[in-house]
Amino acid sequence: MKPLVYIASPLSGDVEQNLEFARKACRFAIEQEVTPFAPHLMYTQMLDDSSPGDRQLGIEMGNQMLELCDELWLCGDRISEGMANEKALAEQIGIPVRQISAEDIQEVDFAATKGMGMSLG
């Protein structure tokens, strides 16, 4: 079974650009033969990060998932406050932390799609 890796990267600021970077970080992780989990990609689909209650719920769910992961990858050249908190939690519970540079992630050949064209019927 492939290691489960928690992908942490900045979200606030230029949210669309940061979400695109997170998608590239996940693709990079896939190419490293691990299974990525990026809560900020998933939970922003159903929670409003600008709502304090939704944001806190997303953080709590992400932290719960982090406890199930084999590693935490800090992706990019900037460590946000949320990433620093995730790093502290990982260190507290003994999960290895790895830094991945923005340069390494930007080298990934990635074309975003609007889905895989799979039918649910």
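## A buried serine

Ser9 has a relative accessible area of 5%, so this residue counts as buried. The cut-off for that term is under 20% relative accessible area. The model described here is a predicted one. In the chain, Ser9 sits in the loop that links β1 to α1, the latter covering residues 15–31.

Which side chain makes a polar contact with the side chain of Ser9? The partner is the side chain of His40, at 2.8 Å.

## The chain as a whole

The chain contains 5 helices and 4 strands. Read from the N terminus, the order of these elements is β-α-β-α-α-β-α-β-α. The radius of gyration is 14 Å, and the globule rule also gives 14 Å for 121 residues, so the chain is as compact as a globular protein of that length.

The C-alpha trace spans about 40 × 35 × 30 Å along its principal axes. Buried residues make up 36% of the 121 residues in the chain. Contacts can also be sorted by how far apart the two residues are in sequence. Taking contacts between residues at least 6 apart, 69% of them join residues at least 24 apart.

Strand β3 covers residues 71–75. Is this strand mostly covered or mostly exposed? It is mostly covered, with 4 of its 5 residues buried.

β3 pairs with strand β1, residues 4–8, in the parallel sense over 4 bridges. Within this pairing, Leu74 of β3 is the bridge partner of Ala8. β3 also pairs with strand β4, residues 97–100, again in the parallel sense and over 4 bridges. Here Cys75 stands opposite Ile100 of β4. Between β3 and β4 the chain passes through helix α4, residues 81–93, and this β-α-β crossover is right-handed.

## Salt bridges

Side chains of opposite charge can pair when their charged atoms come close. How many salt bridges does the structure hold? There are 4, and three of them, including one in helix α1, are described here.

The side chains of Arg27 and Glu31 form a salt bridge with an N to O distance of 3.4 Å. These two residues are 4 apart in helix α1, so about one helical turn separates them. Arg27 is partly exposed, with a relative accessible area of 35%, and Glu31 is also partly exposed, at 41%.

In helix α4, Lys87 and Glu91 are likewise 4 residues apart, and therefore separated by about one helical turn. Their side chains meet in a salt bridge at 3.1 Å, N to O. Lys87 is partly exposed at 30% relative accessibility, and Glu91 is partly exposed at 47%.

Another salt bridge joins the side chains of Asp49 and Arg55, with an N to O distance of 2.8 Å. Asp49 has a relative accessible area of 32%, so it counts as partly exposed. Arg55 is partly exposed as well, with a value of 39%.

Methods. Residues are numbered from 1 along each chain as its sequence is written. This is a predicted model: local features need pLDDT of at least 70, side-chain atom pairs count only at pLDDT 80 or more; totals for chains, interfaces and linings use all residues. Side-chain values use heavy atoms; hydrogens and water are left out. Buried means under 20% relative accessible area, exposed over 50%, partly exposed in between (1.4 Å probe, protein chains only). Two strands pair if DSSP finds at least two bridges between them. A crossover is right-handed if, with the strands pointing away from the viewer, the path from the first strand over the helix to the second runs clockwise. A polar contact is a pair of N or O atoms within 3.5 Å; within protein, one must be able to donate a hydrogen and the other to accept it, and residues adjacent in sequence count only if both atoms are side-chain atoms. The radius of gyration is taken over C-alpha atoms; the globule rule is 2.2 Å times the number of residues to the power 0.38. Contact means heavy atoms within 4.5 Å.
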